[in-house]
Amino acid sequence: MPVYEGDPGVEIKAWSALANGNSANVSSLSFGAHTGTHVDAPAHFIEGARKIDALSLETLIGPARVIRVPDDIMEIDLDFLAKCDLDQVRRVLFHTRNSNFWSEGFRKDFTHLSPEAAEKLVGLGVKLAVGSKESVFAQFKSTNDTPILNLEGKFFLIHAPGGLIAAYRKCTHLGCSVPWNAAEDQFHCPCHGSLYDKHTAVVKGGPAPKPLQLFHITTDASGTLIVDTNPLNVIDRQANVWDPKVLEITE
Ligand code: FES
């Protein structure tokens, strides 16, 4: 199994064995986190960023588009992406020549994404339909304004003063997924305790430096609300106060 150069290898040892009179066969397994197929957490290269336990499994599980990359391509760049059908895609798997290297140990000449292509993929965010304005406000009315979670789009629809906002549920402290806490009637980040307001998603406590970011909301020709989940195109509020100028959908 490939292991990154200099990292600890894979070691499997018998810890206890029935043959030795122990009550069970138990193995001990030790290896570095860069063994075989793995996910790099943001903290791998960014000090203080999220570690792997803070990444939501929702991000990694679900329908994906598989794109075969020809063997003569060493770098997946913007030109290559321009030829791919990425419409409405939430997850992409690139099937590259790297699959042939599985038994060869770690190779440095692997096919990879260019930084620009990686940025482009991060910014793909799908535009999600979330129903009519009337239906959303009716739901707020019947639930005492409980924020509406959209798991796929990673946002909450929130009944803001005078309208509707879509808050990206990524904590502005270190990026954990922020849940709604019904008992506390506020958003409460489980990682370091940041608290966000029910109606505005501004910070009420904890280390978060600014309010939750907002996704843009528009209405299509039929009156359906459309939330743009592109994380590179958010409303980024620096001041920790409610500003009605961010409202794109009013009551
Ligand atoms: S990630 Fe630290 S409080 Fe949310």
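This is a predicted model: local features need pLDDT of at least 70, side-chain atom pairs count only at pLDDT 80 or more; totals for chains, interfaces and linings use all residues.
1. Leaving aside neighbours within four places in sequence, F215 is in contact with F155, A166, Y168, V227, D228, T229 and V234.

2. F215 belongs to the largest nonpolar core, which has 26 residues. Together with A166 and A167, F215 is among the residues with the most contacts inside that core. In soluble globular proteins, nonpolar side chains tend to be buried together.

3. Four strands can be named as suppliers of this core: strand 9 (155-160), strand 10 (163-168), strand 15 (214-219) and strand 16 (224-228). At least two core residues come from each of them.

4. On secondary structure, the chain contains 4 helices and 17 strands. An open sheet is formed by 4 of the strands, in the order 11-12-13-14, with antiparallel pairing. Strand 11 (180-181) and strand 14 (203-205) are the edge strands; each has a single partner strand, so one side of each lacks a neighbour in the sheet. Strands of a sheet pair through backbone hydrogen bonds, in either the parallel or the antiparallel sense.

5. Within that sheet, strand 11 pairs with strand 12 (residues 186-188) in the antiparallel sense, over 2 bridges. W180 is placed opposite F187 of strand 12.

6. The domain assignment divides the chain into domain 1 (1-38), domain 2 (41-122) and domain 3 (127-250). Between the C-alpha centres of domain 1 and domain 2 there is a separation of 28 Å.

7. Where domain 1 meets domain 2, 4 residues of domain 1 are in contact with 4 residues of domain 2. On the domain 1 side, the touching residues comprise 3 nonpolar, no polar and 1 charged.

8. For overall dimensions, the C-alpha atoms fill a box of roughly 70 × 50 × 30 Å along the principal axes. The radius of gyration of the chain is 23 Å, whereas a compact globule of 251 residues would have one near 18 Å.

9. How much of the chain is buried? Buried residues account for 17% of the 251 residues. As for contacts between residues at least 6 apart in sequence, 54% join residues at least 24 apart.

Definitions and conventions
Residues are numbered from 1 along each chain as its sequence is written. Domain bounds come from an automatic or database domain assignment. Two residues are in contact if their C-beta atoms, placed from the backbone, lie within 7 Å. Ala, Val, Leu, Ile, Met, Phe, Trp, Tyr, Cys and Pro count as nonpolar, Asp, Glu, Lys and Arg as charged, and the others, Gly among them, as polar. Two strands pair if DSSP finds at least two bridges between them. The radius of gyration is taken over C-alpha atoms; the globule rule is 2.2 Å times the number of residues to the power 0.38. A residue is buried if 20 or more other C-beta atoms lie within 10 Å of its own, exposed if 12 or fewer, and partly exposed in between; C-beta atoms are placed from the backbone. A nonpolar core is a set of buried Ala, Val, Leu, Ile, Met, Phe, Trp, Tyr and Cys residues joined through C-beta atoms within 7 Å.
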